[in-house]
Amino acid sequence: MGGAMASSSKAAKFHFLQLRSVIDDPAMGDGAGADETWARLLASGRVRRHAEPCVNMALPSSEDAEQALLEAVEHLADALSSVQALRGLYRRLGWGSSEQYFEAMGPMQVMFVDTDYNDLDDRLAIMLLAYQMASANLDRRSKSAGARCCLYLDCRTYETTSGLTIWRTLRLAERLQRDLESAGLELVLVLSDRVAALGLIAGYLGCQAAYEALDQRAPGTGALLSGAASGGRVVPGLKDSWPTRSKVALWILSGLCASQVDDITDGCEHKDGPRFVVFEQAQPAWQSMEVPEDAETQPAWDLKELTSIDGVDPVRADDVEAAARVADVAAMLDRGFGAEPSNIRSGEAPYPVILDTYMQLQEAVAICPERFEYTCPALNRVPGPLPAPVGQPMHRIAARPLTVVPGEIFEVRKAVDMPRAEAAFAKLLSAARASAAETAYPELSQDALDDHRRDRGGVIDYNGSPLADALLVALVARPPAALGAVAVVRRLAVVDLAPEGAGRCRRIDGVEEVPSAVHLSCWPGICCVTHDR
């Protein structure tokens, strides 16, 4: 009985919805369209939304991922120290020319960020990309003196609830603008309502809701938010900023909100609109069931209903074996709730709305493939298999290699190459302290405390950050061929698993009954269970 009730509790938390996924790689099996189990899922009547976009999936090893990040950190440290090193930064990361860089990435790039919401990782990712863009543009200015590029930091995902997130994104944007404006980079903050943002920031900081009050906390932040700054801007959305017939890189480092996805789909509706180059930090698929560690092919997960359905006597609480079978089924179902990466399900909106928003983007990618290049380098906290069509070989992803605690000293908790990792982060902080003491250094040395020096408790990198966002930038902000990605079909479906007729336990002849198979029989994703009678 306890297992069944635990399942009900977890299912309710996720509104009885599961986001299920499969990676169908034509090179691994019979090719797209051969997944009969997935087809039965779509025909089950339980699918609210589904999409099958084509994406580029990379499978870097832990060693390669760490090497890419440490290399980027080392080069960033050099770029902080001299203009000459800044000019050559993007070339050291594999690009042959500024023309190649902007043709591949576009002069406008957008990062969807939740700076410091539950991790301090976004900051390093933003700095790595900002300096790379500035590097390429600085080199481009040798041929075109007025060349400019724009990096948009879109923090609308938490713009009505997190004053900390808005404040720290604003502060970072202002400091980067000061450091990189001479290279022709413009930082643009995306907020729907700057006045509302001011109020939220003031509430978080405990100061007057005035732009001047922000300037007193961090010079230039109030001017940037108000629109009075000489460099940098704040815009309410992206629709009016999309370039014509040009690529725009989109970096998904946080959950997405409806206004962000609406802006993207609006860009797709215009004939001469942009072509989006999308990089998503979250892995492209995830297992919704337990998979044996030694399994090489995808185990079966079927839609067969439990054989105990209409007309079966209720399972009585004193029937230990029957109750245990129900608990086993409940545990199987539990595994699929919230199995997707936290980045996908994070945001201010209720969980069903967040899933609908995410699926709206995936549907756009599937419907308009000519307007998207979508890349996912698959890494996770722990290594494991990605879901495949039943019976086909599974791709395996590596674990993120690093765990680092930022602060005045970067404490490397875990690394493949510990000496190099410690040296790289020490070099970065030293360079920032010496050359950008009022801009890059306070950003890089930000610890897990809030602005009142209070312990934030739940912040991921209080115990060490895996630097997932920074790893993404280090891996994919390079010429596409360097990543070695392969084209796959990414199948996604939002499945409504609300059991029909399920409710509170009833009592029969004075004996409490537990939810029986009749309540669970309509839940897909479970193997056939036979009740002996």
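Helices (H or I, at least four residues) and strands (E, at least two) are DSSP runs, numbered from the N terminus. The model on screen is predicted: local features need pLDDT of at least 70, side-chain atom pairs count only at pLDDT 80 or more, and totals for chains, interfaces and linings use all residues. Numbering starts from 1 along each chain as its sequence is written, and side-chain values use heavy atoms, with hydrogens and water left out.

**Whole chain**

Colour the chain by pLDDT, the predictor's confidence in each residue, from 0 to 100. The average is 87, and 85% of the residues score at least 70. Select residues 1-7: pLDDT is below 50 here, and the stretch has 16 contacts (heavy atoms within 4.5 Å) beyond near neighbours in sequence. Residues 304-315 also have pLDDT below 50, with 32 contacts beyond near neighbours in sequence. Where pLDDT is low, the predicted coordinates should not be read in detail.

Switch to cartoon to see 18 helices and 18 strands. Of the 533 residues, 59% count as buried, where buried means under 20% relative accessible area, exposed over 50% and partly exposed in between (1.4 Å probe, protein chains only). Among contacts between residues at least 6 apart in sequence, 79% join residues at least 24 apart.

Select F16, in the loop between α1 (2-13) and β1 (17-24). Its phi is positive, about 60°, although F16 is not a glycine. Most residues other than glycine have a negative phi. F16 counts as partly exposed because its relative accessibility is 23%.

Go to D116, in the loop between β4 (108-112) and α6. Here too phi is positive in a residue other than glycine, near 65°. D116 has a relative accessible area of 0%, so it is buried.

**Cores**

A nonpolar core is a set of buried Ala, Val, Leu, Ile, Met, Phe, Trp, Tyr and Cys residues joined through side-chain atoms within 4.5 Å. Show M111, Y131, L151 and W251: of the 98 residues in the largest core, these touch the most other members. Helix α6 (residues 121-140) gives the most to this core, with 12 residues. Centre on Y131; beyond its neighbours within four places in sequence, its contacts include L86, L89, L176, D179, L180 and A440. A second, separate core has 63 residues, among them L19, I23, I264 and V365.

**Helices α3 and α6**

Show L69, A72, V73, L76, A79 and L80 in α3, which meet L124, L128 and Y131 in α6. This contact has nine nonpolar, no polar and no charged residues, with Ala, Val, Leu, Ile, Met, Phe, Trp, Tyr, Cys and Pro counted as nonpolar, Asp, Glu, Lys and Arg as charged, and the others, Gly among them, as polar.

**Two buried alanines**

Select A249 in strand β8 (residues 247-252). A249 is buried because its relative accessibility is 0%. Its C-alpha lies 6.9 Å from that of M108, 141 residues apart in sequence. Beyond four places in sequence, A249 is in contact with M105, M108, Q109, V110, V277 and F279.

Finish at A218, in the loop between α9 (211-217) and α10 (221-226). A218 is buried because its relative accessible area is 3%. Not counting residues up to four places away, A218 touches W167, R171 and R175. The C-alpha atoms of A218 and W167 are separated by 10.0 Å.
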